[in-house]
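Visitor: I'd like to learn how to read a fold from its coordinates. Could you walk me through one?

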Amino acid sequence: MSSSSTTKTIPTTFLIISDTHNFAFTDFPTSPLYQPTPQADVLLHSGDLTSVGGLPSFRNALSLLSSITAELKLVIAGNHDLELDQTFWDAEVARRIPEDGPHDDRPDPEDHRKAVDLMAGDLAREAGVTYLTEGTHTFTLSTGATFKIWVSPYTPEYGDWAFSYKHNEDRYNHPGKGLPGTENMAINPIPNDVDIVMTHGPPKGI
């Protein structure tokens, strides 16, 4: 990482976790992820905080993250974090509305807003969490270290999950820079000058 005022390198440590899926330290005392977690300057959580979404699950995820010590905690959604994807959630609400009869099992149209408010609101701030949406973000630590990170919660389409794109679509590269046979639909392509790329989906072939 580089200082904002000089060109020298400032040592910076990162703790990277993902797919915690409602994990709680008390539920899995023998898990490879255990307390105390390694000391780090920055925590990166690359998505799937929950198993199938749900506001209580997002609250539990924030409780988990609050127990991890790091100056900066950066979090993105994953395909299991259903309510955080407005396009998915709006379609799910529309799909589950019956023509007539009871609406007891209809998803709440407001749950997208409520989930985002949770992940970007007071409870997240108390946990030290910064929730990131797709695009480029720049941060400076108390040491003076500055880094630029590009993030995306999207994954290739697989089943009926959130944050998906078709296998022939490229949402990461600048036009003309993607694989042959793919259709470029990048709204926020990855810049050439980022230090870190964090996505929920793995690179091709992994």
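Visitor: Let's start with a helix: which residues are buried in H3?

Guide: A quick word on ground rules before that. This is a predicted model, where local features need pLDDT of at least 70, side-chain atom pairs count only at pLDDT 80 or more, and totals for chains, interfaces and linings use all residues. Residues are numbered from 1 along each chain as its sequence is written, and side-chain values use heavy atoms, with hydrogens and water left out.

Guide: Now the general idea: buried means under 20% relative accessible area, exposed over 50%, and partly exposed in between, with a 1.4 Å probe and protein chains only. Helices (H or I, at least four residues) and strands (E, at least two) are DSSP runs numbered from the N terminus. In H3, the buried ones are Asp-111, His-112, Ala-115, Leu-118 and Met-119. They sit on the same side of H3, because they cover an arc of only 125° around the axis; that arc is taken from the directions from the helix axis to the C-beta atoms.

Visitor: And what covers the buried residues of H3?

Guide: For that we use contact, meaning heavy atoms within 4.5 Å. The cover of H3 includes H1, E4, H2, H4 and E5.

Visitor: What about Glu-83: where is its place?

Guide: Look in the loop between strand E4 (72–75) and H2. Glu-83 counts as buried, at 4% relative accessibility. Leaving aside neighbours within four places in sequence, the contacts of Glu-83 are Gly-53, Gly-54, Phe-58, Trp-89, Asp-111, His-112 and Ala-115. Leu-82 belongs to the loop between E4 and H2 as well, and at 13% relative accessibility Leu-82 is counted as buried. Beyond four places in sequence, Leu-82 touches Val-52, Gly-53, Phe-88, Trp-89, Trp-161 and Ala-162.

Visitor: On to H2, then. Which residues are buried there, and which are exposed on the other side?

Guide: Helix H2 spans residues 86–95, with Phe-88, Trp-89, Glu-92 and Val-93 buried. Those residues fall within an arc of 130° seen down the axis of H2, so they line one face of the helix. Thr-87, Ala-94 and Arg-95 are exposed on the other side of H2. Helix H3 (111–120) is part of what covers the buried residues of H2.

Visitor: How many residues are in the largest nonpolar core?

Guide: In soluble globular proteins, nonpolar side chains tend to be buried together. A nonpolar core is a set of buried Ala, Val, Leu, Ile, Met, Phe, Trp, Tyr and Cys residues joined through side-chain atoms within 4.5 Å. The largest has 37 residues, and Leu-84 and Met-119 have the most contacts inside it. Strand E2 (14–17), helix H1 (55–66), H2, H3, helix H4 (122–127) and strand E5 (129–131) each supply at least two residues of this core. H1 gives the largest share, six residues. A second, separate core has 15 residues, including Val-42, Leu-44, Leu-132 and Phe-147.
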